[in-house]
Amino acid sequence: MKNIASVYKIGHGPSSSHTVGPYRAAMQFKQSYPDADEFRVTLYGSLALTGEGHSTAKAIMSALPNAVVRSDRRAKKLPHPNTMLFEVIKDGQLIKSQRVLSVGGGQVKLEGESSRDEEEIYELESFSGISGYCREHGITLNQYIAAKEPELKDHLHLIWQAMRREVEAGLKCEGELPGELHIRRKAKLLYEKRCYNESADVTMNRLVAAYAFAASEQNASEEIVVTAPTCGACGVIPAVFYYMQNDRGFPEEEILDALAVAGLLGNLIRTNASISGAECGCQAEIGSACSMAAGGLAVLYKLSTDQIEYAAEIAMEHNLGLTCDPICGLVQIPCIERNAVAAMRAMSAVNLSRFLFQTRKISFDEVISTMYRTGKDMNEKYRETSHGGLAEIYRSKQNT
Ligand code: SF4
């Protein structure tokens, strides 16, 4: 299994597999063929179907200004729903033709190869294997991670600063998000609009939602965000942990431990299932983020490994079957609100796990395997094509 550090990438929104991954692939071609006269890039599958809403062509052209980018919405039998063909032209000749897969969270692979830009670190690739190892050696999940990735804390410090910046910047912004939906930003309003006689519970939910909206609205505005584990789901983890640090006073050192375990959970999900909405629907993005946030929050509360596992399992279980149907291909509806709801759900999952962990019947490994199989069974139109669900209803309303 690859390193946890690569779960958290800093890049431009609005979609890690549609902007961060294609940008990174384009940069690799630029560096490998500095003398090329021209690059041609063809987008297939979800990359083609979500069109301008997901800004894929723009991301590629920011790395390769001389690229010609076109979309092929009809191609079938693709190696992955997010496939790109890169062609390199020199002196009028095609000197390289390569299909590249954007597999989620900004990670890219050449067709037929595993990802080369991220190190293989972990021999154990299941939660049961890792928790069993920790039990046998009398160590915590954080101690296990530190032994495998001694440099991770430094990376997580930078990641946490970037997450804090995206929340804080989003809380200050007003006005409309880009795109044809003309949605007004709401994070600042949620943050400032205290109700008369507001109870502590309502304040907590309002603030967590405000932080999730702030990060997600920054993402929708194509600002710099952190994949957690994707851009579309980038608001869930920062919302929960920002609340715990800012409003509950947890120190940064403990937030970094929580981020490390959240990253381990995300790593297990991307290794054994998927974090790509185009591959498995929104359960793979928001479900994964919710699960990671719940597991990380259980670490902050110093719960046991069994309770951490159960919190992560509950959070994923109740996102099973969640479809991806972004209206107009924009990462706005249902995405922004969904980040807020998932952040609150992660907190509820931890509360249940405190009391009920001894009665559980389903393991974390089982729930992620179920998520993957559910995603594979899901009708293609609910997997980031903007052809099903809310996207379809909205379009039909516009056409009447
Ligand atoms: S619906 Fe979910 S998976 Fe789809 S674009 Fe929005 S956040 Fe991403």
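**Note on helix packing and domain contact**

1. In this predicted model, helix α6, which covers residues 152-172, packs against helix α10, residues 252-272, at an angle of about 105°, and the two axes lie 10 Å apart. Angles of 65 to 115 degrees count as roughly perpendicular, and α6 and α10 are therefore described as roughly perpendicular to each other.

2. Which residues bring these two helices together? On the side of α6 they are Leu152, Lys153, Leu156, His157, Ile159 and Trp160, and these meet Glu252, Ile255, Leu256, Leu259 and Ala260 of α10. When the residues in this contact of α6 with α10 are sorted by class, eight are nonpolar, one is polar and two are charged.

3. To the contact between them, domain 1 contributes 19 residues and domain 2 contributes 22 residues.

4. Which elements of domain 1 supply at least two residues each to the side that touches domain 2? They are α1 (16-32), α2 (45-49) and β5 (93-104), and the largest share, four residues, comes from α1.

5. The residues of domain 1 on the side that touches domain 2 divide into 14 polar, four nonpolar and one charged.

Terms used
Residues are numbered from 1 along each chain as its sequence is written. This is a predicted model: local features need pLDDT of at least 70, side-chain atom pairs count only at pLDDT 80 or more; totals for chains, interfaces and linings use all residues. Two residues are in contact if their C-beta atoms, placed from the backbone, lie within 7 Å. Ala, Val, Leu, Ile, Met, Phe, Trp, Tyr, Cys and Pro count as nonpolar, Asp, Glu, Lys and Arg as charged, and the others, Gly among them, as polar. Axes are lines fitted to C-alpha atoms, for helices over the stretch in contact, and angles run from 0 to 180 degrees between N-to-C directions. Angles under 35 degrees count as roughly parallel, over 145 as roughly antiparallel, 65 to 115 as roughly perpendicular and the rest as oblique.
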